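Thank you all for coming. Please take a moment with the sequence and the structure before I start, and then we will walk through a few parts of the chain together.

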Amino acid sequence: MSNIGLKIRRWLLSENGKKWLYLGSSTVTISLVLGHVLPHTILVTHYKELVQFYNKGISVPVSDVLLQRFEKTLDLLNIHKSERFRFEPFMASGFDMFSIGAPGRFGVHIGMPVNFRYNKEMDVDKSNIRVNQASVIWDTDEGRQLIKSLIVPENAQMYAIARDIKMRDSFKLCFDTAYAFFFCTMTYTTSTMLNQKLNLYVKPQALRFFSYGLVGLFSFGYYIMIKDLTQNYYEKKIDLELKELSPIFAEGGREFYTKILERNKALRILMGKEGESVYTALGNDNFFLRNKHLPIVQRKAFFEEKSGINEEVVAN
């Protein structure tokens with residue numbers, strides 16, 4: 001080991017070095033907490049500007065039709081008029097819902113995808129849709145299926161809006177922030193305790209690094225497991241609440257996930273080998289090891305259960 005390396009090692013083992021390590025770990029923890037909170041509170045306006053849908057450099061406003069659907073959704077959610085200022089729709093880029101914000105004065109901002117503006121297949125702007133940076137061959141089974149999947153019925157749109165409102169207006173952000181703080185703190189505290197109890201300060205440096213890595217890996221694994229479990233819990237809870245709240249949401253949930261599955265299955269083929277790694281043959285998101293969301297097939301099947309859907313046709 002070089003002289004510089006020995007000096008750094010001795011300094012890290014000194015009282016000043018330990019204080020700086022503590023300060024560094026505290027800085028990382030605080031940064032992660034702020035990274036969870038700031039984009040949905042103080043910086044929510046700037047965050048929205050990054051994900052908005054723009055046309056020729058100008059943000060596209062929400063159409064009157066979508067504004068009416070948004071208001072109708074708030075009616076079905078029984079949100080009092082005095083509280084509605086906290087919920088604001090905007091047009092998001094891409095074909096997925098995007099919600100930001102948190103309960104309180106910063107509000108909940110619901111980003112509706114571009115295809116919510118489409119009422120029929122002729123409305124789809126095919127020239128601006130690309131898959132893997134290449135134009136889509138629309139005169140194929142997959143191309144036609146993709147076009148059909150982009151036409152989302154009114155009930156399905158209202159379910160998607162309600163789902164994101166309920167998720168953002170929950171305590172999930174608080175839990176995610178608390179998890180980040182707890183597991184960062186636990187990693188540092190556990191590593192320090194191991195150093196003291198096993199007297200690792202006098203052991204080979206490689207052994208200490210191995211113990212740090214092992215503790216960090218365990219903490220990170222436990223963090224993502226708890227985070228995914230919380231996400232799945234809220235998704236199941238919100239689906240149940242919406243299904244019981246209104247037949248419009250019950251029917252809309254079935255229609256929405258039917259469209260998502262059709263889109264994913266079409267993209268799986270259009271994207272080639274990459275599509276097989278992103279989506280399963282059934283249209284679910286293909287996650288490796290993790291379970292970030294409930295399977296889409298499972299969510300669709302939940303809304304297809306007759307107990308939650310009226311046998312009569314739900315009027316739009």
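This is a predicted model: local features need pLDDT of at least 70, side-chain atom pairs count only at pLDDT 80 or more; totals for chains, interfaces and linings use all residues.

Asn132 has a phi near 55°, which is a positive value in a residue other than glycine. For those of you who are new to this, most residues other than glycine have a negative phi. The loop between S6 and S7 also holds Gln133, and Gln133, although not a glycine either, has a positive phi of about 65°.

Let me now step back to the whole chain, which has 11 helices and seven strands. Of the 316 residues in the chain, 40% are buried. The accessible surface comes to about 18,300 Å², and 61% of that surface belongs to carbon and sulfur atoms. If we take the contacts in the chain with a separation of 6 or more, 68% of them are between residues 24 or more positions apart.

Next, the sheet. Three strands form an open sheet with mixed pairing, and their order is S3-S5-S4. The edge strands are strand S3 (87-91) and strand S4 (98-101), each of which pairs on one side only. From one strand to the next, the twist averages 20°.

Which sense do we find between S3 and S5? Those two pair in the parallel sense, over five bridges, and one example of a bridge is Met91, whose partner in S5 is Met112. S4 and strand S5 (residues 108-112), on the other hand, pair in the antiparallel sense over four bridges, and here the bridge partner of Phe98 in S5 is Gly111. S4 and S5 also form a hairpin, with six residues between them, and in the turn Gly104 has a positive phi of about 120°.

Although S3 is an edge strand, four of its five residues are buried, so S3 is largely enclosed by the rest of the structure. Helix H4 (residues 64-76) packs on the sheet, where the helix touches S3 and S5, and the direction of H4 makes about 150° with that of S3.

H4 also brings us to the helices. In general, two packed helices are described by the angle between their axes and the distance between the axes. The axes of H4 and helix H6 (residues 154-168) come within 9 Å and cross at roughly 60°, and the two helices are therefore oblique to each other. Their crossing is right-handed. On the H4 side the contact includes Leu66, Phe70 and Leu74, and on the H6 side it includes Met158, Ile161 and Ile165.

A second pair to look at is helix H8 (residues 205-245) with helix H9 (residues 247-270), whose axes come within 7 Å and cross at roughly 130°. Why do we call H8 and H9 oblique to each other? An angle over 145 degrees would count as roughly antiparallel, and 65 to 115 as roughly perpendicular, so this crossing at roughly 130° falls among the rest, which are called oblique. Where they meet, Asp239, Leu242, Lys243 and Leu245 in H8 are in contact with Phe249, Ala250 and Tyr257 in H9.

Thr190 is partly exposed, with a relative accessible area of 30%. Thr190 and Val215 are 25 residues apart along the chain, and their C-alpha atoms are separated by 7.3 Å.

Methods:
Residues are numbered from 1 along each chain as its sequence is written. Side-chain values use heavy atoms; hydrogens and water are left out. Two strands pair if DSSP finds at least two bridges between them. Axes are lines fitted to C-alpha atoms, for helices over the stretch in contact, and angles run from 0 to 180 degrees between N-to-C directions. Contact means heavy atoms within 4.5 Å. Buried means under 20% relative accessible area, exposed over 50%, partly exposed in between (1.4 Å probe, protein chains only). Accessible areas come from the Shrake-Rupley method with a 1.4 Å probe; for residues, only the protein chains shown count as cover. Angles under 35 degrees count as roughly parallel, over 145 as roughly antiparallel, 65 to 115 as roughly perpendicular and the rest as oblique. A crossing is left-handed if the near helix is turned anticlockwise from the far one by less than a right angle, and right-handed if clockwise.
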